Amino acid sequence: MEIEINTPILELNARHAESNRQLLAKEQVYMLDIMASPGAGKTSCILSVIDRLRSQLRLAVIEGDVASDVDAQRIKQAGLTAVQINTGGACHLEAMMIARALDALSLSEIDFLIVENVGNLVCPTEFDLGEHARVVILSVPEGHDKPQKYPGIFASADAIVVNKIDTLPLFDFDMAVFKETVKAMNPTAPVFTVSARTGEGMDDWCEWLANQVADVVG
Ligand code: MG
Ligand code: ZN
């Protein structure tokens, strides 16, 4: 006999996600969920996006971490509002945690809310947060075969970002194979190749993001 222990948890999560979605719609806030392994460069990518979009959009960040607030501090140093969620060991964010963070924010003063999920390629996929879109970031040193190992997260993403492309000469990362694999799993998601460190490719990704936000915020 198999026991589906996840079902009640996910049903409860879905209710909170729906109420987050309604609140965001009412306040005209676009929320993006960023998912990746630890070390893929989520925070660095977020800082690079902030740099490019802050002149046209009002941004804020929700930082999900198992412990510590080092990433939230980096965002605050850039002069932005950051709300820290410490999951107390849990390896993903849940919609109820986001609901509390939304409570702590002045939503009427935000157009674009970026959620940095806990570094993990597995369970964040299962938990709807009420976001408008999901982006998964993969970094070159992790290898082009990650989508085969973690198909769920790549299949459910609205866009896929390959970060650290400045390190391509150092690794056997086959970009053509990566793009083919991803296309087979998720034909509609655009793939952006970027380096948060050098800024390469960031403009294309930010243009896509700005268009997404404009659809919601107007
Ligand atoms: Mg981070
Ligand atoms: Zn988890």
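**Close-up 1. Ser139 and the residues around it.** In this predicted model, for which local features need pLDDT of at least 70, side-chain atom pairs count only at pLDDT 80 or more, and totals for chains, interfaces and linings use all residues, Ser139 is found in strand β5. Helices (H or I, at least four residues) and strands (E, at least two) are DSSP runs, numbered from the N terminus. With a relative accessible area of 2%, Ser139 is buried; buried means under 20% relative accessible area, exposed over 50%, and partly exposed in between, with a 1.4 Å probe and protein chains only. Once its neighbours within four places in sequence are left aside, Ser139 is in contact with Gly39, Ala40, Asn163 and Lys164, where contact means heavy atoms within 4.5 Å. Residues are numbered from 1 along each chain as its sequence is written, chains are lettered from A and ligands numbered from 1 in the order in which they are written, and side-chain values use heavy atoms, with hydrogens and water left out.

Close-up 2. Donors are N, O and S atoms within 2.8 Å of the metal (3.2 Å for Na, K and Ca), and water is not among the atoms, so sites may look incomplete. Asp71 and Glu116 are both buried.

**Close-up 3. Helix α2 and its buried residues.** Helix α2 (residues 42-53) has 12 residues, and from its first C-alpha to its last it reaches 16 Å, close to the 16 Å expected at 1.5 Å a residue; the expected span is 1.5 Å times one less than the number of residues in the helix. The buried residues of α2 are Lys42, Thr43, Cys45, Ile46, Ser48, Val49, Ile50 and Leu53.

**Close-up 4. The zinc ion (ligand 2) and its donors.** Cys91 (SG), His92 (ND1) and Cys123 (SG) coordinate the zinc ion (ligand 2) at 2.0 to 2.2 Å, and along the chain these donors follow the spacing C-H-x30-C. Cys91 lies in the loop between β3 (81-86) and α4 (95-104), while Cys123 lies in the loop between β4 (112-116) and β5 (133-139), so this pair ties together parts that are 32 residues apart in sequence. Cys91, at 34% relative accessibility, counts as partly exposed, whereas Cys123 is buried, with a relative accessible area of 17%.

**Close-up 5. Aromatic pairs.** The structure holds four aromatic pairs; rings of Phe, Tyr and Trp (its six-membered ring) pair if their centres lie within 6.5 Å, and planes under 30 degrees apart count as stacked, over 60 as edge-to-face and the rest as tilted. One of the pairs, Phe154 and Phe178, is edge-to-face, at 6.4 Å centre to centre and with 80 degrees between the planes. This pair links distant parts of the chain, with Phe154 in helix α6 (residues 151-156) and Phe178 in helix α7 (residues 175-185), 24 residues apart. Phe154 is buried at 0% relative accessibility, and Phe178 is buried with a relative accessible area of 0%. The rings of Phe192 and Trp208 have centres 5.9 Å apart and planes at 55 degrees, so that pair is tilted.
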